[in-house]
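Here's a quick tour of a structure, written for someone just getting started. Have a look at the sequence and the 3D view, then read on.

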There are 2 protein chains.
Amino acid sequence: MQLFINHINKDVTLDEVGLKKLSSILVFKELNKKEFLIKPGEAANTMNFIVQGCMRSYYLDKNAQEHTLQLGIEQWWINDLYSYLSRKKSRMYVQALEKTLLIQIPRIELEKLYIEVPEMSHFFRIKIQNAYVAVQERVIDSMSDDAYERYENFRKAYRDIEQRVPQYIIASYLGVTPEFLSYLRKKHS
Amino acid sequence: MQLFINHINKDVTLDEVGLKKLSSILVFKELNKKEFLIKPGEAANTMNFIVQGCMRSYYLDKNAQEHTLQLGIEQWWINDLYSYLSRKKSRMYVQALEKTLLIQIPRIELEKLYIEVPEMSHFFRIKIQNAYVAVQERVIDSMSDDAYERYENFRKAYRDIEQRVPQYIIASYLGVTPEFLSYLRKKHS
DNA sequence: GAAAAAACTTAAGGTATCTTAAGAAGCGAA
DNA sequence: TTCGCTTCTTAAGATACCTTAAGTTTTTTC
């Protein structure tokens, strides 16, 4: 909980009142390993902060292949932001890869909070901007770099995560088959 | 100009006062074919609405290959949103593909306007959300679809643009070589 | 309207990545 | 500790896409 407040305070400064109002709308949620937070057809109606654990979002393409879009551990936000922002049904699975504890902020309360505590509006604007930047980075990467370069980039950017998720999920994040990632690792070792 | 106002009014409702304040900070800018709005090393400090013409943003990868990230015609916004939002220097070229007339909103004025006319803050929040959704869509496409499917998607989504830009630019948007796109078109015709 | 420049096509040979299939290794549950 | 499930590896054959290079068509410029 203190961790969460510190996290918010990195980007904005909340006073006592703001903090109290924020605290009052938080919801704690626990997920077991492999449990889903969101499934296709559902809507994302909360912002979700990982207090402890590890999660990912992914979808199935027309050949039922998994593609991982986001990975997160402690102090990351995880969501189907597409669904949250557009208010459309999700196409994603958002799943715990370990036993995970989340702090959730329901959209309805959050939008009220934006008015009373403009810092929070500012905070999430920054988060959404960062999300945009991250996705754009990924488009650029996928057009410029080959699979092994993307793997190296991934290892740099996600050093803490790499150890905690199975390799086939990393492959599905990079956009290659697990077999090919295995081949690349051998080739470069 | 009326066009621009209608465009804004699609998403938010501005009163007389708001409209006047908005109008007072607009800047018109004309670009000749092939002229650049932004080059690598510069910073994006305006929002840019295309009144007439056609533009694209692209970057060069380490092999000096062009990759087109955004295409736009009349009534689209064009920018290096990454640079605008993060305030970092751009890695992009933003270039006119035809003689183009823009309406620009400088960041400094716009941020003041956000306070006086909150509808504009709302408006650009929606635009940035849409931009996020579009980029995410693209990541999903590039992982799920082969080149020809991406080409068909592109033609559906950008019917009006397809006619106006050279095919090698479409190829660089899809992430394939011009030769390969040419081959695909023949194969499926 | 001719010359120059830009864009598009074709084709051969090459490379990155996929598919399938099988076995090996690691790991959680009883 | 062992069984069963999940994950990882290996390898052969297939395919999507790239590179190079040359020729053709279209567009621009003077």
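In chain B, helix α6 (residues 147-157) packs against helix α8 (residues 167-174) at an angle of about 115°, and their axes are 10 Å apart. Before we go on: this is a predicted model, where local features need pLDDT of at least 70, side-chain atom pairs count only at pLDDT 80 or more, and totals for chains, interfaces and linings use all residues. Residues are numbered from 1 along each chain as its sequence is written, chains are lettered from A and ligands numbered from 1 in the order in which they are written, and side-chain values use heavy atoms, leaving out hydrogens and water.

*More on this helix pair*

- α6(B) passes α8(B) in a right-handed crossing (right-handed if the near helix is turned clockwise from the far one by less than a right angle, left-handed if anticlockwise).
- On the α6(B) side, the contact (heavy atoms within 4.5 Å) is made by B:Arg150, B:Tyr151 and B:Phe154, and on the α8(B) side by B:Ile170, B:Tyr173 and B:Leu174.
- Those contact residues divide into five nonpolar, no polar and one charged (Ala, Val, Leu, Ile, Met, Phe, Trp, Tyr, Cys and Pro count as nonpolar, Asp, Glu, Lys and Arg as charged, and the others, Gly among them, as polar).
- The axes are lines fitted to C-alpha atoms, for helices over the stretch in contact, and angles run from 0 to 180 degrees between N-to-C directions.
- Helices here are DSSP runs (H or I, at least four residues), numbered from the N terminus.

*Two buried residues in chain B*

- B:Ser83 sits in helix α3 (residues 81-86) of chain B, and it's buried, with a relative accessible area of 0% (buried means under 20%, exposed over 50%, partly exposed in between, with a 1.4 Å probe and protein chains only).
- Not counting residues up to four places away in sequence, B:Ser83 touches B:Glu42, B:Ala43, B:Ala44, B:Lys88, B:Lys89 and B:Ser90.
- B:Leu110 belongs to helix α4 (residues 107-116) of chain B and is buried too, with a relative accessible area of 0%.
- Leaving aside neighbours within four places in sequence, B:Leu110 is in contact with B:Ile25, B:Met47, B:Tyr84, B:Ile105 and B:Phe124.
- B:Leu110 and B:Lys21 are 89 residues apart in sequence, and 10 Å apart in space from C-alpha to C-alpha.

*Around DNA strand C*

- 14 residues surround DNA strand C, and the closest are A:Thr177, B:Gln167, B:Tyr168, B:Ser182 and B:Lys186 (a residue is near a strand if one of its heavy atoms lies within 4 Å of it).
- Sugar and phosphate make up 74% of the atoms of DNA strand C that come within 4 Å of the protein.
- α9(B) gives the largest share of the surface near DNA strand C, three residues.

*Around DNA strand D*

- DNA strand D is surrounded by 15 residues, and the closest are A:Gln167, A:Tyr168, A:Ser182, A:Lys186 and B:Lys33.
- Of the atoms of DNA strand D within 4 Å of the protein, 77% belong to sugar or phosphate and the rest to bases.
- A polar backbone atom of A:Tyr168 is 2.9 Å from a phosphate oxygen of DNA strand D.
- The largest share of the surface near DNA strand D, three residues, comes from α9(A).

Definitions and conventions. A polar contact is a pair of N or O atoms within 3.5 Å; within protein, one must be able to donate a hydrogen and the other to accept it, and residues adjacent in sequence count only if both atoms are side-chain atoms.
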